[in-house]
Amino acid sequence: MKLNQLVILLFLVSFFQIKAQDFKLGKVTVAELQEKQHPSDTSAVAAILFKTGEVKFEYSQERGFVMVTDVKVRLKIYKKEGYDWATQKINYYKVNSSPEKVSFTDAVTYNLVDGKIEKTKLKSDGQFDETINKYWGQKKITMPNVKIGSVIEYRYVIDSPRIGEFKDWNFQTSIPVNYSEFETNVPEYFVYKANQKGYIFPKVEIENKSRILNYTHVTDYKDGSKTIRSNENLNFRETKTKYIAENLPAMKEENFVNNIDNYTSSISHELSLTRFPNQPDKLYSTDWNAVVKTIYDYDDFGPELNKIGYFEEDVSQLIKGISTSDEKITAIYDFIKTKVKWNGLYGYSCEEGVRKAYKSGVGNVADINLMLTAMLRFSEINANPVLVSTRSNGIAMFPNRGAFNYVISGIETEGGFVLLDATEKYSVPNILPMRDLNWFGRLIRKDGSSEEVDLMPKTNSKEFVNIAMTLDAEGVIEGKVRLYHSNHEALKFRINHIVTNKENYLEALENKNNNIEINNYVRENELDLSKPVVENYSFKDTKDVEIINGKIYLSPMVFFAAKENPFKQEVREYPVDFGYPIQEKYNINLEIPEGYEVESMPEGISIDGGENIGSFKFMIGNTGNKIQIVATSDIYSAIITPEYYLSLKDLFQKSIDKQKEKIVLKKI
C-alpha cells in the first residue's frame with residue numbers, strides 16, 4: 001500500500017472511531033468499569049471519560065434573553081484518592097430580581113457486580129444548596145455507592161440572565177480528560193470575545209444557521225380590563241461554535257507555581273457588543289480602559305471614594321502637626337489597620353459601604369482599601385485604587401470585568417508607585433501580602449485614565465543567619481543562632497508565627513532541623529514593623545555528625561543544608577514564581593575539637609546562573625581550630641520564565657551538591 005493511501009486510511013479509521021464514540025449519558029460499558037488504570041497516566045486517581053457542554057440562548061417576554069448552559073459528564077474512579085471527584089459543586093449568582101438557577105439531573109453511580117452493571121441513582125439526601133455569601137450560592141451533589149472502579153455520570157443545567165459572560169470552560173483539570181467538547185450557539189444580536197489560555201488549543205468548528213424561537217407575548221391593557229396572549233416567533237441567525245479537545249494530560253501541581261489554572265487549557269467569553277434591530281450598536285468592555293471605567297462608575301466603587309464626612313474629623317486630628325507625606329501615609333495606614341478589621345471577603349465592590357464599615361470596625365477588601373485611598377486623598381496624597389487579581393483568582397490576562405477580584409491603594413510618587421493593602425496588619429508600604437503578588441494590577445485615576453502597575457517586588461527579601469558553634473570529639477555540636485527576616489520574609493514570618501504558641505513553634509523548628517534541641521529562644525522586633533524580625537536561640541545537635549574509624553565527618557552547613565532539589569521535572573512549561581526576589585546568607589563559625597585538624601574540606605565555588613536567574617557562592621577557610629563558612633544564595637527575579645528552567649534547576653542542584661560535601665577531621 002502506498003504511503004499516502006495508508007495515511008488516508010489511518011485518518012479515516014481515527015475519524016470514524018471518534019464519530020463512533022457515544023457521548024451520551026446512560027451508555028456506560030463493561031469495559032469502562034473493568035478498566036483498572038488510566039491508559040496514559042497510571043498514577044491518575046480518576047479521569048474524565050467525557051465532558052460536553054452546550055450554551056444556548058432562550059427568550060421570553062418577561063426575562064428577555066437568558067443563557068442556558070447544559071453540561072454532561074462521565075468520569076472514572078481508579079483509586080481511593082479519587083473519591084473527592086464524587087462530590088461536585090457549582091456556584092451560582094443569587095442577587096438579582098431574576099437570579100441564576102442550577103439543577104443537577106441524571107446523576108448515577110455505576111459499579112460492576114458479578115459481571116453485571118449495577119446502577120445507584122442520586123437521592124435527595126445527596127443534594128445540597130449552600131450559601132457562600134450574600135452574592136453567591138452553591139449547589140452540591142455527593143454521589144452514592146462510590147468505590148474503586150466506579151463510573152459516575154451527572155448532568156447540570158445553569159439558567160442565567162447574566163449574559164455578559166459565559167462560565168469558563170476548562171478543557172484540562174487535575175486528572176486526565178479523554179474528551180472535552182464545548183459548544184456555543186450565539187444569536188446575531190450578541191458578539192462575544194473568546195479568550196483561550198493554556199498550552200493545548202482545541203479544534204474549532206464554526207457553522208452559521210437560522211433559528212426560530214417560539215414565545216408567548218402578553219399584552220395588558222392599562223385599565224386592567226383584559227390580557228391578550230399570543231404565540232410569537234423570533235427569527236434570527238445564529239453562530240454555532242464547537243471546541244473539541246482530546247487526550248488531555250492532568251494538570252499536576254509543581255513547586256513555585258502561583259496558580260495552576262493560569263496555564264490550564266481553557267476558554268472564556270465576554271460580551272463585547274450588542275446589535276439589536278432598530279437600535280444603535282452598544283459596545284461593552286473591549287480594552288482595559290473601558291473595563292476600569294465601568295468598574296469605577298459602579299455605585300459601590302467610585303462614589304465610595306468621594307465620601308469623607310464619616311472620617312474627616314478623626315483624620316484631621318490624626319495628621320495635625322504632621323508635615324511630610326511619608327509621615328502622613330504611615331499615620332493613616334497604621335490607623336486604618338487598627339480601626340477596621342478585614343472580614344476575609346475579597347472583591348473590588350464594597351460589602352456594606354465605607355461609612356458602615358468605619359462605624360462597625362469590620363469590612364471587606366474594598367471597604368478597607370477604598371477607605372484608605374479616600375483618607376490619603378483627603379490628606380493631599382496622590383492616591384488611587386489599584387485593581388488586582390489575587391493568586392487564587394488567576395492572572396488578569398484579558399480585558400474583562402471578572403479579571404479582577406481585589407483592590408488595593410496606590411500612591412504615585414516621583415520614584416514610582418507605593419502600594420498599600422490595609423487588610424494585612426503586619427504589612428508595610430510596598431510589602432504586600434502574598435495573595436496580592438500576581439503580576440500586574442490596574443491603577444484608576446479620578447479622571448478615568450488608568451495605568452498598568454507591576455505588583456511583583458524588585459527589592460530583595462532577606463534571611464541572614466549567623467551561627468557560632470563548637471564541635472566536641474563525641475560528635476556533638478552546640479552553638480548559638482541569630483536569624484534575621486526582612487521585607488516579605490518578615491511579613492511571612494509574622495503572619496505565620498506571631499500568633500502561634502511558642503512551644504508548638506519550637507517543636508516544629510526542632511523537627512524541621514533534624515531534631516536538634518533548642519533552648520533560650522528569644523525574638524526581637526515582633527511588632528516593630530520597621531525592623532527585621534530577629535530570632536535568637538541556642539541549640540544542641542547530636543545527629544549531623546558521623547565518626548568513622550576515628551575520623552569526624554560533617555556537612556559545612558549541618559542542619560541548615562538544603563535536603564533536595566525542589567525542581568524535579570525534566571521540562572517545565574510554566575514560569576517559576578518565587579513571589580519576590582530573595583537572598584539567603586549563612587555566616588558560620590565552627591570550632592573543632594582539640595586534638596583534631598582538618599584533613600579535607602569542600603572547595604569554594606561561585607555559580608552564576610545568569611542575570612535572569614540567580615547565583616550561589618560558597619566560601620570556606622580554616623585557621624587553626626576554626627573553620628569559617630559563608631554561603632550566599634540569590635534569586636534575582638520574582639518570576640523566572642520557562643526558558644530558564646533548566647539553568648535554574650542546575651543552579652539549585654549544584655548548590656545542594658556542594659552543601660552535601662563533607663568536612664573531614666582527623667586526629668593530630
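This text walks through a predicted model of one protein chain, from its overall build to single residues.

Start with the whole chain. Its 668 residues include a buried share of 47%. The chain holds 11 helices and 36 strands. Along the principal axes, its C-alpha atoms fill a box of roughly 110 × 85 × 55 Å. The accessible surface comes to about 33,600 Å². Carbon and sulfur atoms account for 48% of that surface.

How does the chain touch itself?

Now turn to the rings. The structure holds 45 aromatic pairs. One of them joins Tyr 93 and Trp 136, with ring centres 5.2 Å apart. Their planes stand at 75°, so this pair counts as edge-to-face; the cut-off for that label is over 60 degrees. The two residues come from distant parts of the chain, 43 residues apart. Tyr 93 belongs to strand 3, which covers residues 87-93. Trp 136 belongs to strand 7, which covers residues 136-142. Are these two partners buried or partly exposed? Tyr 93 has 18% relative accessibility and counts as buried, because buried means under 20%. Trp 136 has 27% and counts as partly exposed.

A second pair brings together Tyr 199 and Tyr 574. Their ring centres are 6.1 Å apart and their planes are at 50°, so the pair is tilted. At 42% relative accessibility, Tyr 199 is partly exposed. Tyr 574, at 6%, is buried.

Rings can also join in a cluster. Ring pairs link Phe 57, Tyr 59, Phe 65, Phe 166, Tyr 189, Phe 190, Tyr 192, Phe 236 and Phe 276. Find these residues in the structure and follow the links from ring to ring.

Which residue has its charged end over the ring of Phe 128? The answer is Lys 140, at 5.5 Å from the ring centre. Lys 337 is another example, over the face of Tyr 333. Here the distance to the ring centre is 4.4 Å.

Next, look at the backbone. Most residues other than glycine have a negative phi. Asn 525 has a positive phi, near 60°. Asn 525 lies in the loop between strand 25 (517-524) and strand 26 (533-541). Its relative accessible area is 23%, so Asn 525 is partly exposed. Val 558 also has a positive phi, near 40°. Val 558 is found in the loop between strand 28 (551-554) and strand 29 (576-577). Is Val 558 buried or exposed? Its relative accessible area is 5%, so Val 558 is buried.

Move to the surface. Val 30, Leu 112 and Ile 117 form a nonpolar patch there. Together they have about 190 Å² of accessible area. Leu 112 is part of strand 4, residues 101-113. With a relative accessible area of 31%, Leu 112 is partly exposed.

Leu 283 is found in strand 15, which covers residues 282-283. At 66% relative accessibility, Leu 283 counts as exposed, because the cut-off for exposed is over 50%. Which residues does Leu 283 touch, leaving out those up to four places away in sequence? They are Ser 272 and Leu 273. Compare Leu 283 with Val 191, which is 92 residues apart from it in sequence. In space, their C-alpha atoms are 9.6 Å apart.

End with His 38. This residue lies in the loop between helix 2 (30-34) and strand 1 (46-60). His 38 has 5% relative accessibility, so it counts as buried. What does His 38 contact, leaving aside its neighbours within four places in sequence? Its partners are Ala 44, Ala 47, Tyr 78, Pro 176 and Asn 178.

Methods:
Residues numbered from 1 in each chain as written. Predicted model: local features only at pLDDT ≥ 70, side-chain atom pairs only at ≥ 80, totals over all residues. Heavy atoms only, no water. Helix = DSSP H or I, 4+ residues; strand = E, 2+ residues; numbered from the N terminus. Buried < 20%, exposed > 50% of the residue type's maximum accessible area, 1.4 Å probe, protein only. Patch = residues over 30% accessible without salt bridge, like charges linked within 9 Å, V, L, I, M, F, W, Y side chains within 5 Å. Areas by Shrake-Rupley, 256 points an atom, 1.4 Å probe, with all protein chains shown as cover. Salt bridge = Lys/Arg side-chain N within 4 Å of Asp/Glu carboxyl O. Phe/Tyr/Trp six-rings, centres within 6.5 Å; stacked < 30°, edge-to-face > 60°. Lys NZ or Arg CZ within 6 Å of the ring centre and 35° of its normal. Contact = heavy atoms within 4.5 Å.
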